[in-house]
Amino acid sequence: MQTRVERYLAHLDRLSGGREPKFTPFRSTTPGMRDVTAIVYRDLPEPGFVTGLTYGLSLSGHPSWTRSTPELCISVRSTDEAWAWAVAYLAERLRGGDCHFAYGDTLGFGERVSRESDMDAFLLFTPPGLDREDFASIDVGDDLPVSITGCYPIHSSERRFIQDNGLDAFWDLDWDPYDVTRAAVA
(Lines give C-alpha, C1' and ligand atoms only; values in the text may rest on other atoms or scores of the structure.)
Protein backbone atom coordinates (compact mmCIF):
# COMPACT_ATOMS: atom_id res chain seq x y z
CA MET A 1 0.00 0.00 0.00
CA GLN A 2 1.30 3.45 -0.93
CA THR A 3 2.07 6.03 1.73
CA ARG A 4 0.52 9.50 1.71
CA VAL A 5 3.55 11.10 0.06
CA GLU A 6 3.81 8.28 -2.49
CA ARG A 7 0.19 8.86 -3.51
CA TYR A 8 0.79 12.61 -3.87
CA LEU A 9 3.97 12.09 -5.88
CA ALA A 10 2.23 9.52 -8.10
CA HIS A 11 -0.39 12.18 -8.86
CA LEU A 12 2.37 14.70 -9.72
CA ASP A 13 4.10 12.08 -11.88
CA ARG A 14 0.90 11.67 -13.87
CA LEU A 15 0.55 15.45 -14.29
CA SER A 16 4.20 15.95 -15.29
CA GLY A 17 4.35 13.00 -17.65
CA GLY A 18 6.84 11.26 -15.38
CA ARG A 19 9.41 14.05 -15.34
CA GLU A 20 11.92 13.88 -12.52
CA PRO A 21 11.62 16.84 -10.12
CA LYS A 22 14.19 18.34 -7.81
CA PHE A 23 13.33 18.20 -4.09
CA THR A 24 14.39 20.98 -1.69
CA PRO A 25 13.35 20.62 1.97
CA PHE A 26 12.57 23.62 4.18
CA ARG A 27 13.12 22.76 7.82
CA SER A 28 10.15 23.17 10.09
CA THR A 29 10.30 26.15 12.42
CA THR A 30 7.32 24.86 14.40
CA PRO A 31 7.94 22.09 16.93
CA GLY A 32 5.98 18.94 16.10
CA MET A 33 5.42 19.85 12.44
CA ARG A 34 7.18 18.14 9.56
CA ASP A 35 9.32 19.94 7.00
CA VAL A 36 7.84 21.44 3.85
CA THR A 37 9.43 20.34 0.58
CA ALA A 38 9.63 22.31 -2.66
CA ILE A 39 9.11 19.97 -5.62
CA VAL A 40 10.56 21.75 -8.65
CA TYR A 41 10.17 20.95 -12.34
CA ARG A 42 12.26 22.74 -14.95
CA ASP A 43 10.84 23.37 -18.42
CA LEU A 44 7.31 22.46 -17.38
CA PRO A 45 4.74 23.11 -18.82
CA GLU A 46 7.10 24.20 -21.61
CA PRO A 47 10.74 25.24 -22.10
CA GLY A 48 11.69 28.37 -20.19
CA PHE A 49 9.25 27.75 -17.34
CA VAL A 50 9.78 26.64 -13.77
CA THR A 51 6.93 24.93 -11.90
CA GLY A 52 7.04 24.27 -8.19
CA LEU A 53 4.70 22.52 -5.79
CA THR A 54 4.83 22.05 -2.05
CA TYR A 55 4.48 19.00 0.11
CA GLY A 56 3.98 19.39 3.84
CA LEU A 57 1.54 22.28 4.11
CA SER A 58 -1.42 19.88 4.04
CA LEU A 59 0.01 18.02 7.04
CA SER A 60 -0.35 21.03 9.34
CA GLY A 61 -4.12 21.28 9.67
CA HIS A 62 -6.31 24.37 10.03
CA PRO A 63 -9.86 24.70 11.43
CA SER A 64 -11.15 26.09 8.11
CA TRP A 65 -9.92 23.06 6.14
CA THR A 66 -13.11 21.02 6.21
CA ARG A 67 -13.28 19.73 2.61
CA SER A 68 -9.62 19.41 1.65
CA THR A 69 -6.11 20.38 2.71
CA PRO A 70 -3.96 22.61 0.47
CA GLU A 71 -0.61 22.29 -1.20
CA LEU A 72 0.70 25.20 -3.27
CA CYS A 73 1.75 25.44 -6.94
CA ILE A 74 3.54 28.12 -8.93
CA SER A 75 4.32 28.10 -12.64
CA VAL A 76 6.17 31.04 -14.18
CA ARG A 77 8.16 31.97 -17.26
CA SER A 78 11.57 31.82 -15.62
CA THR A 79 14.45 29.45 -14.97
CA ASP A 80 15.00 30.71 -11.42
CA GLU A 81 14.00 28.09 -8.85
CA ALA A 82 13.70 30.89 -6.26
CA TRP A 83 10.03 31.23 -7.27
CA ALA A 84 9.28 27.68 -6.12
CA TRP A 85 11.47 28.04 -3.03
CA ALA A 86 9.66 31.25 -2.00
CA VAL A 87 6.28 29.48 -2.14
CA ALA A 88 7.59 26.57 -0.04
CA TYR A 89 9.20 28.99 2.42
CA LEU A 90 5.90 30.87 2.87
CA ALA A 91 3.97 27.60 3.26
CA GLU A 92 6.35 26.53 6.01
CA ARG A 93 6.34 29.87 7.81
CA LEU A 94 2.60 30.64 7.61
CA ARG A 95 1.10 27.20 8.30
CA GLY A 96 -0.30 26.63 11.74
CA GLY A 97 -1.26 30.30 12.06
CA ASP A 98 -4.05 32.57 10.88
CA CYS A 99 -3.39 32.01 7.16
CA HIS A 100 -5.75 29.43 5.69
CA PHE A 101 -4.36 29.61 2.13
CA ALA A 102 -7.72 30.37 0.52
CA TYR A 103 -8.45 31.75 -2.94
CA GLY A 104 -8.08 35.51 -2.92
CA ASP A 105 -5.52 35.54 -0.08
CA THR A 106 -2.33 37.47 -0.71
CA LEU A 107 0.99 36.56 0.85
CA GLY A 108 3.75 39.11 1.27
CA PHE A 109 7.29 37.81 0.88
CA GLY A 110 8.91 40.92 2.36
CA GLU A 111 11.55 41.32 -0.34
CA ARG A 112 12.11 40.63 -4.02
CA VAL A 113 11.65 36.94 -4.73
CA SER A 114 14.21 36.87 -7.54
CA ARG A 115 16.87 39.17 -8.96
CA GLU A 116 14.99 39.13 -12.28
CA SER A 117 11.89 40.80 -10.84
CA ASP A 118 10.61 43.43 -8.42
CA MET A 119 7.69 41.19 -7.38
CA ASP A 120 7.49 40.54 -3.66
CA ALA A 121 4.09 38.95 -3.01
CA PHE A 122 1.74 36.22 -4.20
CA LEU A 123 -1.96 35.89 -4.96
CA LEU A 124 -3.67 32.55 -4.27
CA PHE A 125 -6.23 31.25 -6.76
CA THR A 126 -6.93 28.23 -8.96
CA PRO A 127 -3.66 26.66 -10.10
CA PRO A 128 -2.27 27.60 -13.51
CA GLY A 129 -2.80 25.21 -16.40
CA LEU A 130 -4.57 22.42 -14.49
CA ASP A 131 -8.05 21.03 -14.97
CA ARG A 132 -10.28 20.71 -11.91
CA GLU A 133 -9.85 16.93 -11.74
CA ASP A 134 -6.07 17.50 -11.63
CA PHE A 135 -6.03 19.94 -8.71
CA ALA A 136 -9.07 19.19 -6.57
CA SER A 137 -9.68 16.20 -4.30
CA ILE A 138 -6.39 14.32 -4.68
CA ASP A 139 -6.77 11.09 -2.71
CA VAL A 140 -3.75 10.67 -0.44
CA GLY A 141 -5.42 8.16 1.88
CA ASP A 142 -6.41 10.68 4.58
CA ASP A 143 -9.89 11.67 5.76
CA LEU A 144 -9.53 14.84 3.66
CA PRO A 145 -8.11 14.94 0.13
CA VAL A 146 -5.39 17.36 -0.94
CA SER A 147 -6.20 20.26 -3.27
CA ILE A 148 -3.55 22.22 -5.15
CA THR A 149 -3.79 26.01 -4.81
CA GLY A 150 -2.14 28.26 -7.38
CA CYS A 151 0.31 31.02 -6.44
CA TYR A 152 0.71 33.99 -8.75
CA PRO A 153 3.58 36.46 -8.24
CA ILE A 154 2.44 40.04 -7.83
CA HIS A 155 3.78 43.46 -6.85
CA SER A 156 3.09 45.07 -3.45
CA SER A 157 0.90 47.69 -5.12
CA GLU A 158 -1.19 44.91 -6.66
CA ARG A 159 -1.48 43.23 -3.26
CA ARG A 160 -2.90 46.46 -1.83
CA PHE A 161 -5.26 46.77 -4.82
CA ILE A 162 -6.56 43.22 -4.22
CA GLN A 163 -7.05 43.90 -0.51
CA ASP A 164 -8.98 47.10 -1.31
CA ASN A 165 -10.92 45.97 -4.40
CA GLY A 166 -11.08 42.18 -4.30
CA LEU A 167 -9.79 39.31 -6.38
CA ASP A 168 -12.26 39.72 -9.26
CA ALA A 169 -11.30 43.37 -9.85
CA PHE A 170 -7.63 42.41 -10.09
CA TRP A 171 -8.16 39.27 -12.15
CA ASP A 172 -10.07 41.32 -14.76
CA LEU A 173 -7.07 43.65 -15.34
CA ASP A 174 -4.80 43.11 -18.34
CA TRP A 175 -1.83 41.12 -16.97
CA ASP A 176 0.13 37.97 -17.75
CA PRO A 177 0.13 35.64 -14.72
CA TYR A 178 3.26 33.84 -15.96
CA ASP A 179 5.41 36.93 -16.62
CA VAL A 180 7.64 37.70 -13.64
CA THR A 181 9.19 40.72 -15.38
CA ARG A 182 5.93 42.54 -16.12
CA ALA A 183 5.22 46.01 -14.78
CA ALA A 184 2.64 46.45 -12.04
CA VAL A 185 -0.91 46.80 -13.37
CA ALA A 186 -2.38 48.36 -10.24
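Y103, F125, Y152, F170, W171 and W175 form one aromatic cluster in this predicted model. The count of aromatic pairs comes to nine. One of them joins Y152 and W171: the ring centres lie 5.2 Å apart and the planes meet at 80°, so the pair is edge-to-face, given that plane angles over 60 degrees fall in that class. Y152 belongs to strand 7 (residues 146–154) and W171 to helix 5 (residues 167–171), so the pair ties together parts that are 19 residues apart in sequence.

| Residue | Relative accessible area | Class |
|---|---|---|
| Y152 | 4% | buried |
| W171 | 29% | partly exposed |
| W175 | 12% | buried |

The cut-off for buried is under 20%, so W175 at 12% counts as buried, while W171 at 29% counts as partly exposed.

W175 is placed in the segment after helix 5. Which residues does W175 contact, leaving aside its neighbours within four places in sequence? They are Y152, F170, R182 and V185. Of these, Y152 and F170 are also members of the aromatic cluster.

Conventions. Residues are numbered from 1 along each chain as its sequence is written. This is a predicted model: local features need pLDDT of at least 70, side-chain atom pairs count only at pLDDT 80 or more; totals for chains, interfaces and linings use all residues. Side-chain values use heavy atoms; hydrogens and water are left out. Rings of Phe, Tyr and Trp (its six-membered ring) pair if their centres lie within 6.5 Å; planes under 30 degrees apart count as stacked, over 60 as edge-to-face and the rest as tilted. Helices (H or I, at least four residues) and strands (E, at least two) are DSSP runs, numbered from the N terminus. Buried means under 20% relative accessible area, exposed over 50%, partly exposed in between (1.4 Å probe, protein chains only). Contact means heavy atoms within 4.5 Å.
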